[in-house]
Amino acid sequence: MMPKGSLKKPTLIDVARDAGVSTATASLVVRRSQLVSDKTRDKVLASMKRLGYVHDRIAASLRSRVSSTVGVIITDIANPFLAEILVGLHHALNNKGYNVLLGTTFDSLGKQSELIETMAGHKICGLVLCPVGRTTPDDLALLENTGTPTVLVGRDLSYP
């Protein structure tokens with residue numbers, strides 16, 4: 001166990017040692033692989049919790065050049081139509097091992113731009129976007145420039 005007050009963050013190597021497994025096995029657990037038995041997974045997860053280990057997804061995506069995070073930007077989480085889409089997306093993406101990064105624009109172009117920039121900075125591997133009503137293709141240029149696969153839901157783009 002890491003000493004209290006220690007500034008050193010526990011690593012995956014620390015977790016593997018604590019759980020009595022290889023680093024490769026601990027890595028498989030972090031990546032939600034089905035190749036690990038439930039008993040071993042539980043041991044590794046217990047060690048992660050005990051040590052306070054937090055998986056650095058950004059560092060992992062930089063190393064592998066592949067992200068497991070999909071961005072979702074919607075206009076209003078209280079909209080029943082969008083809430084239903086969001087629930088379905090969460091289930092489908094989680095079942096495939098993806099994490100969901102959610103943002104809400106409240107129909108503000110400025111907020112939409114801010115969220116797109118933030119998600120691009122987190123190296124999302126794709127984006128599901130319910131665009132703000134006045135969105136033009138120019139508003140999504142960053143997504144095109146970064147090659148971020150994007151799916152539009154709920155609205156078409158406006159054209160001037």
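Helices and strands are here taken as DSSP runs, a helix having at least four residues and a strand at least two, and they are numbered from the N terminus. In this predicted model, the elements follow one another from the N terminus as α-α-α-α-β-α-β-α-β-α-β, which comes to 7 helices and 4 strands.

Strands of a sheet pair through backbone hydrogen bonds, and the pairing may be either parallel or antiparallel. In this protein the sheet is open, its 4 strands are paired in parallel, and their order across the sheet is S2-S1-S3-S4. Strand S2 (99-104) and strand S4 (150-152) each have a single partner strand and stand at the edges, so one side of each is left without a neighbour in the sheet. From one strand to the next, the twist averages 15°. Within the sheet, strand S1 (residues 69-74) runs parallel to strand S3 (residues 126-129), and the two are joined by 4 bridges; Val72 stands opposite Val128 in S3.

Helices lie against this sheet. Helix H5 (residues 80-95) packs on the sheet and touches S1, S2 and S3, with a direction that makes about 180° with that of S1. Helix H6 (residues 109-121) also lies across S1, S2 and S3, and runs at about 160° to S2.

Another part of the picture is a pair of helices. Two packed helices are described by the angle between their axes and by the distance between the axes. For helix H2 (residues 23-30) and helix H3 (residues 38-51), the angle is about 85° and the axes are 10 Å apart. Because angles of 65 to 115 degrees count as roughly perpendicular, H2 and H3 are roughly perpendicular to each other. On the H2 side the contact is made by Thr25, Ala26, Val29 and Val30, while H3 contributes Thr40, Arg41, Val44, Leu45 and Met48. These residues of the contact of H2 with H3 divide into 6 nonpolar, 2 polar and 1 charged.

What can be said of the cysteines and of burial? Cys125 has a relative accessible area of 28% and is therefore partly exposed, whereas Cys130, with a relative accessible area of 4%, is buried. The count of disulfides comes to 0. Over the protein as a whole, buried residues make up 37% of the 160 residues. Finally, among the contacts with a separation of 6 or more, 57% are between residues 24 or more positions apart.

Notes:
Residues are numbered from 1 along each chain as its sequence is written. This is a predicted model: local features need pLDDT of at least 70, side-chain atom pairs count only at pLDDT 80 or more; totals for chains, interfaces and linings use all residues. Side-chain values use heavy atoms; hydrogens and water are left out. Two strands pair if DSSP finds at least two bridges between them. Axes are lines fitted to C-alpha atoms, for helices over the stretch in contact, and angles run from 0 to 180 degrees between N-to-C directions. Contact means heavy atoms within 4.5 Å. Angles under 35 degrees count as roughly parallel, over 145 as roughly antiparallel, 65 to 115 as roughly perpendicular and the rest as oblique. Ala, Val, Leu, Ile, Met, Phe, Trp, Tyr, Cys and Pro count as nonpolar, Asp, Glu, Lys and Arg as charged, and the others, Gly among them, as polar. A disulfide is a pair of cysteine sulfur atoms within 2.5 Å. Buried means under 20% relative accessible area, exposed over 50%, partly exposed in between (1.4 Å probe, protein chains only).
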